[in-house]
Structure formats: structure tokens, C-alpha cells
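This note sets out some remarks on the pockets, cavities and surface of the structure shown here.

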Amino acid sequence: MPVQTLTELFLVALDHDRTDCLQHKEDGRFVPISTAELEERVRRLTTVLAQLGVERGDRVALMAENGPHWPTVDFATLCHGGVLVPIYPTLTPDQAAYIAADCGAKVLFVQGLERLEGMLGERQSMPQVEQFVLIGNHTAAGEISSLAQLLDAAEPQPRTAFRKEAGRAKPDDLATFIYTSGTTGKPKGVMLTHGNIASNVVNGLKRIPIEAGWTALSFLPLSLSFERTVDYVYFHQGVSIASADSVQAVAQNLQEVRPHVFVSVPRLYEKILAKVREKVAASSPAKRKIFHWAETVARHALPYRLERKAPGGALGLKLTLADKLVFGKLRARLGDRFQFAISGGAPLPRDLAEFFWGAGIEIY
């Protein structure tokens with residue numbers, strides 16, 4: 001039976017038992033976190049949430065960059081019966097405080113000392129927040145605890161009790177509030193249930209084949225429902241999720257992680273193509289001619305690419321040469337395990353999609 005809640009999805013993810021369920025950068029290299037380690041962190045944090053007085057239906061806010069702390073806080077909140085409210089880490093303290101106050105957050109997780117100090121400066125505007133928790137390699141002081149300190153001090157909730165509590169979630173239970181950007185007034189919290197998101201995961205997998213054992217690079221903010229939903233897909237399928245250093249470091253991270261799949265908004269693909277064209281424009285006349293010839297060949301071969309068939313005759317020979325001289329080098333930048341990418345959040349321009357498919361780079 002398909003999963004109907006995000007807590008059920010997490011229990012499915014635990015059965016994959018990967019040694020590299022998550023990956024993140026430490027001291028210049030990607031290091032893995034196993035499924036078992038993630039489960040223990042989540043079970044420890046559910047103990048912490050109970051100690052902090054979080055009850056079913058209470059809001060827990062999270063203001064952080066992508067990283068292993070994100071699914072830890074997310075799944076612990078959901079499995080404890082709470083509602084996770086992501087706050088974009090790029091927001092100013094007053095903007096973030098508005099969201100924390102509007103959703104009625106009881107606990108606020110904040111990454112980095114500077115962000116935490118900014119939020120503490122807005123404390124009077126969010127009186128419902130009873131506890132601030134610092135995320136990061138810092139030692140918290142005074143009444144503020146760090147996530148690491150809390151996890152170290154807590155006993156993991158017993159596995160049987162944890163699974164029983166996680167199993168209480170129903171498809172119609174609130175799972176998260178996603179706040180709008182506020183371009184037409186104050187940001188508004190969009191109320192999403194477990195079933196809203198779980199159904200997207202299940203139905204998305206009917207159309208797009210994400211396979212167990214793959215590795216994915218995650219670089220869009222998890223505060224964005226698109227990346228967060230796709231990460232749930234990865235968890236469901238047993239895909240290793242590597243968190244990029246930043247959007248600016250994606251090119252380097254692609255070579256380090258060698259992902260099978262990643263998702264992005266159209267803007268990134270536009271930047272990639274613009275950079276390719278810029279490089280071509282600055283090259284020799286001969287190289288420019290070869291590139292434009294390869295583009296023409298790819299357009300003619302596009303119907304075959306879409307059917308994943310190799311054209312025969314002269315077109316087949318031309319495409320083989322175009323791949324070797326031009327498109328193979330472009331694909332190499334994505335890593336040698338790349339299968340396809342996914343675009344979302346806005347319409348993907350047709351000419352952009354046709355260029356990449358023609359180059360042998362599938363974007364859904």
C-alpha cells in the first residue's frame with residue numbers, strides 16, 4: 001500500500017539501511033551519515049522535543065541551510081506529532097520573527113550565531129517561542145542550548161514507542177506551513193497535510209523513475225516545497241542525499257558527488273546554457289563553427305533523443321561526432337553517473353529543454 005503520511009515514509013526510509021543515507025561537507029570532503037545514525041538522531045530529538053513541552057499539533061520552526069540537521073529536525077517534529085515550519089535562512093530577523101510569531105512556534109531552531117543573535121533581538125515580537133536552539137559548530141551559552149548539546153544529553157526514544165507515536169499520524173493531519181514570499185502583503189502560511197505531500201511523492205514516482213541506490217545532489221533550499229518534496233522522494237527510494245556547499249559550489253560538487261539526479265529551477269539551467277554560449281563566443285572561429293554545427297545536428301536528432309533511440313545513417317554518424325567534440329564534454333561536467341535532472345518551480349522554456357535533450361542531457 002502506498003505511503004499516506006510523512007512519518008510512514010520515514011519508517012520506509014529506515015528499511016533501506018544505507019551507510020550513506022546523507023552526505024555533507026566536513027573539512028573539505030563529503031562524509032556520510034548512515035540511516036541508523038539518522039534514526040538515532042531523530043529518536044533522540046523526539047525525546048528532546050517532549051522535554052521542551054512540544055505536544056501534538058505544536059509548531060516547530062527551523063531557520064537553517066541544507067544539511068543533516070534539516071531532516072533530523074523535520075522528521076523528529078513530524079514523528080512527535082508536531083508541525084514543521086521552515087523559515088528561509090536568507091530572511092532578515094524581523095521577517096523571520098514575523099513568521100515564527102504568526103505560526104505560533106513553540107521552539108525555534110536557528111543555524112549560526114549571527115542568525116541566532118538577530119532572532120534574539122526580535123524576541124519580544126514572538127512571545128510564543130519558549131526555546132531557541134542553536135545549530136552549528138558553536139557552543140551555546142546561558143539559557144540557549146545547541147542542537148549537538150541536546151542530542152548528546154538525550155536518550156533515544158525507545159524504538160517501539162517511537163514507531164508507535166510516528167504511526168499515529170493521519171493523512172489529514174497538518175505536517176507543515178510553507179510561507180509565501182509576501183510580495184503582495186504579509187507572508188501567508190500555506191497549511192499542508194501529511195497526505196498533501198505524501199501523495200505528491202507517490203504519484204511523482206509513477207512518472208519519474210528514481211531508483212534505489214542512486215545518489216542525489218540537493219542544493220535548492222529545503223525551505224522550498226519543491227526541493228523538500230523531492231528529498232522525501234529520495235528518502236522513500238533509498239537514494240543517498242548529498243547537501244551541496246552552496247548554489248555557487250554546485251559545479252564543483254557535481255564532480256565530487258557524481259550524482260545520478262538533481263533538481264533545480266529553470267534559472268540554473270539558463271545560467272549553464274548562457275555560460276556555455278559565452279565560452280563559445282570567446283573561442284576561435286573554428287570552435288564556434290563546430291559548436292553551431294553540433295547544435296544543428298542535435299536539433300535534427302532530437303526526436304530520436306526523446307525516444308532514446310540512436311539515429312541511423314549519416315545523421316547517426318554526425319551525432320556520434322557531435323557528442324565526441326561538443327556534448328560529451330558538457331555531460332562530463334555533470335559527473336559520470338548522471339542520469340537526468342528535473343526542473344520545477346517555474347516553466348522550463350522550450351528552447352532550453354530542447355537544447356539539453358539534444359545534447360543528451362535529459363531534463364524533466
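1. For the linings described below, Ala, Val, Leu, Ile, Met, Phe, Trp, Tyr, Cys and Pro count as nonpolar, Asp, Glu, Lys and Arg as charged, and the others, Gly among them, as polar. On that basis, the lining of the largest pocket comprises 9 nonpolar, 11 polar and 9 charged residues. It should be kept in mind throughout that the model is predicted.

2. The largest pocket has a volume of about 860 Å³. Its lining consists of 29 residues, and those closest to its centre are His24, Pro68, His69, Gly136 and Asn137. Two or more lining residues come from each of strand E1 (22-26), strand E2 (29-33), helix H2 (35-51), helix H3 and helix H6 (147-153).

3. The second largest pocket has a volume of about 530 Å³. Of its 21 lining residues, Ala251, Leu268, Lys271, Ile272 and Lys275 lie nearest the centre. Helix H10 (250-257) and helix H11 (266-281) are the elements that give two or more residues to this lining, and H11 contributes the largest share, with 6 residues. By class, the lining contains 16 nonpolar, 2 polar and 3 charged residues.

4. The structure also holds 2 cavities of 30 Å³ or more. The largest cavity has a volume of about 120 Å³ and is lined by 13 residues, with Trp70, Pro71, Leu222, Asp231 and Phe235 nearest its centre. At least two lining residues are supplied by each of helix H3 (69-79), helix H9 (225-237) and strand E11 (240-243); H9 gives the most, namely 4 residues. The class division here is 8 nonpolar, 2 polar and 3 charged.

5. The second largest cavity has a volume of about 40 Å³. Among the residues that line it are Ala13, His16, Arg18, Tyr234 and Phe235. Helix H1 (6-16) and helix H9 each supply at least two residues of the lining, which divides into 5 nonpolar, 3 polar and 1 charged.

6. On the surface, Ile290, Trp293, Leu321 and Leu325 form a nonpolar patch with about 310 Å² of accessible area together. Helix H12 (285-306) and helix H13 (313-332) each give two or more residues to the patch.

Technical notes: Residues are numbered from 1 along each chain as its sequence is written. This is a predicted model: local features need pLDDT of at least 70, side-chain atom pairs count only at pLDDT 80 or more; totals for chains, interfaces and linings use all residues. Side-chain values use heavy atoms; hydrogens and water are left out. On a 1 Å grid over the protein atoms alone, a cavity is a set of points where a 1.4 Å probe fits but cannot get out, and a pocket is an open set with protein on both sides within 12 Å along at least five of seven lines; lining residues have an atom within 4 Å of a point. Grid points are joined across faces, edges and corners, and a volume is the space filled by probe spheres set on the points. Patches are made of residues with over 30% relative accessible area and no salt bridge: like charges are joined within 9 Å, nonpolar side chains (Val, Leu, Ile, Met, Phe, Trp, Tyr) within 5 Å. Accessible areas come from the Shrake-Rupley method with a 1.4 Å probe; for residues, only the protein chains shown count as cover. A salt bridge is a side-chain nitrogen of Lys or Arg within 4 Å of a carboxyl oxygen of Asp or Glu.
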